[in-house]
Amino acid sequence: MERLDEKTRGLGHDNGGADEDALAASAAEVAVSPELAAGSLRDYLHLWLARLRAGESGVLPVVVGLVAITIIFQSLNSKFLTSGNIVNLLVQGAVFMMLALAEVFALLLGEIDLSAGFVAGLSGVVTAELLTTAHGSWPWGAAILAALLACAAIGLLHGTLITRLGLPSFVVTLGGLLGWQGVMLAILGNGGTLPIQDNVVNDVANANLTPAASWIVTLVLVAAYGFTTWRRAARRRARGLVAPPPGFTIIKIAGVAVAGVVLVLVCNADRGVLVPIRGMPWVLLIVVAVATAWSILLGRTSFGRHVYAIGGNAEAARRSGIRLARVRTLCFVLASFTAGMAGIIYASRLRSVSTNIDGGTLVLYAVAAAVIGGTSLFGGRGKAIHAVLGGIVIAAIDNGMGLQGFSAASRNVVTAIVLIAAVTVDAVARRSATTH
Amino acid sequence: MRPVPGVRVQVGRDRLIAVPVPVTASRDESLPGESPRSPGSRLLELRSVSKRFGPVLALRGVNLVVPAGEVTALAGDNGAGKSVLIKTIAGIHQPDGGQIYWEGRPVHIRTPRDAAALGIQTVYQDLALADNLDIVQNMFLGRERSRAGLLDDDSMETSATKALAGLSVTTVRSIRQPVASLSGGQRQAVAIARAVLWNSKLVIMDEPTAALGVAQTEMVLDLVRTLAERGYAVLLISHNLHDVFVVADRLAILHLGRMVATGKIAEFEPQTVVSYMTFGRVQPSADTR
């Protein structure tokens, strides 16, 4: 790296020392000039527009959509924005968010994972089975770990078939959708429903933090986010690199802080009917943790960078020396692994697993959630946060229409319309990006 | 086409090369006015390089010298073997006969990685940039700098800015804008800067101005000149003779896999170049004038 630095600093290496010095001086000058480094608000807006033109609409559309949905449902039914319903909606949405997080890995490559729903189901079944006395009542941690490793192995199988044999992901994971459903049914046998006997596993989606712990955890998370975001932006500004203006950074951090405080206030309000229920559900914390981990993996590591590169231009990635097969296989492993976590949340919420798990519908909702959140079906564009926001939209539609007493039929139609609208936005953004 | 003053090049001198050529022992041309054994400025040298694809002889005993600090243009009609030649240098094809010398030493370039290790970078015609990534991300694609497992974006951005500034590329508004939002010329500039970033000594460019408008072409040609002035060797494939005469120091013309003429650009006239490209020799009659 040292050598590279030197080389890039002195591009005129062979032309003698004086020339090199002059070059280094001009380079330093350019490094802080507004030509290349955006510092002012105007330059930052220009950068934002450039990203928008390139199809990176960010989270704005989905946030606007979420506000619109909230206004509509709240005006139809004043129960929509009660603390009990909001928490319920978020817990319902946790499975969608988690499955959408799984789907993001496949979508970023320009692929799809149709098996995620039944891989999730299988994960719940494996966990529940290992907890039964028939299998020696495994400790909860071991049972969950075994289920998640099994899911990772499934992802490895999918990924290997797709990358090494060059099979289309659509077909391989369609096979997975059927096959893993079969395996799941075979494990469950004719029993139909298998209750989960472990309290910790059941608490995953049903227990809450104490109100005090909710405050502490949220404030620590917001402070950590604010600190790292501010420090990073300040460091980049000091070095003359592209950074948002300080006002932007403050607004961003303040927005997250307000969202955190509102969330805790909503969660800590008593939402019980017979006995008081207060505090933030554990499952929300789990979703935030996984979404954060995958955000860092995709946004701040070279693996993540390679995933985006493959989704954007696989040939360019190949010529850059990226090992395509390895990265793509790992994406399918991560997708199935994350789907496994979704399955455990699903099982925990019902305190049981049964043959009724509809993995087909679940995976379609997951794809819809990721795309509604702003992830492109065409690969290369999308973030972990998109999966979370899209999952909330899907859950809100489901919940709001349920409150109004709409039938499942009309709920499906509305979800479909929102999905098509989201894909339309994606396709239009993509087309305007490629007309260059 | 701009008329270029100069004398007719003296080529086609019969000369047998000492290096054995298994595939074809053809008569070869050497550089006019230069001793074939003098190293020094010769960064890359090909001697009697041949390449066969089944029954097709794509390259027949090709000799070529690419000196540092100069732009060498490679011209030729479709099917003349230009692409095969640069792919052989870039490690995508293996020569069947002959020898490649790098800084005077014989080398075997078996893979693109070998070529990169020597300091040979290729800028492809289709650019090979990821539209969804920004300029910095593209320039460091496949060789990201990390610290403690996380990407060191600050250091990459600083180096990318310096590399662009060093090539006098100042037309991009922000180095953090996605490549999709750049013009064709700017994309070419990013691709070239990317090639330069990797400790490279020789930059091979395949039709860098093929898809560009007039102003964009000017910008890219300026960039090519800048590269040569900074001491890089540039090997440029071009169909556009105007570009060749504007930017190149040396010209090498391929015809049906044979190197029919090489020399300094001043030794050529556009008409003779066309004649070499089309017929492999200078037409004695006036019908090409």
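Reply:
**Chain A and its two domains**

Chain A is divided into domain 1, made of residues 57–207 together with 281–434, and domain 2, which covers residues 208–280; the model in which this division is described is a predicted one. The centres of domain 1 and domain 2 of chain A, taken over C-alpha atoms, are separated by 24 Å. Where the two domains of chain A touch, nine residues of domain 1 are in contact with eight residues of domain 2. On the domain 1 side of this contact in chain A, α5 (83–108) and α12 (282–300) each supply at least two residues, and the largest share, four residues, comes from α5(A).

Helix α7 (residues 140–164) and helix α8 (residues 169–188) of chain A pack at an angle of about 145 degrees, and their axes are 9 Å apart; the crossing of α7(A) and α8(A) is right-handed. From α7(A), the residues A:I154, A:H158, A:L161 and A:I162 take part, and they meet A:S169, A:V172, A:T173, A:G176 and A:W180 in α8(A). The residues of this contact of α7(A) with α8(A) comprise five nonpolar and four polar ones, and no charged ones.

Definitions and conventions. Residues numbered from 1 in each chain as written. Chains lettered and ligands numbered in written order. Predicted model: local features only at pLDDT ≥ 70, side-chain atom pairs only at ≥ 80, totals over all residues. Axes fitted to C-alpha atoms, helices over the stretch in contact; angles between N-to-C directions. Left-handed = near helix turned anticlockwise from the far one by under 90°. Contact = placed C-beta atoms within 7 Å. Nonpolar A, V, L, I, M, F, W, Y, C, P; charged D, E, K, R; others polar. Domains from an automatic or database assignment.
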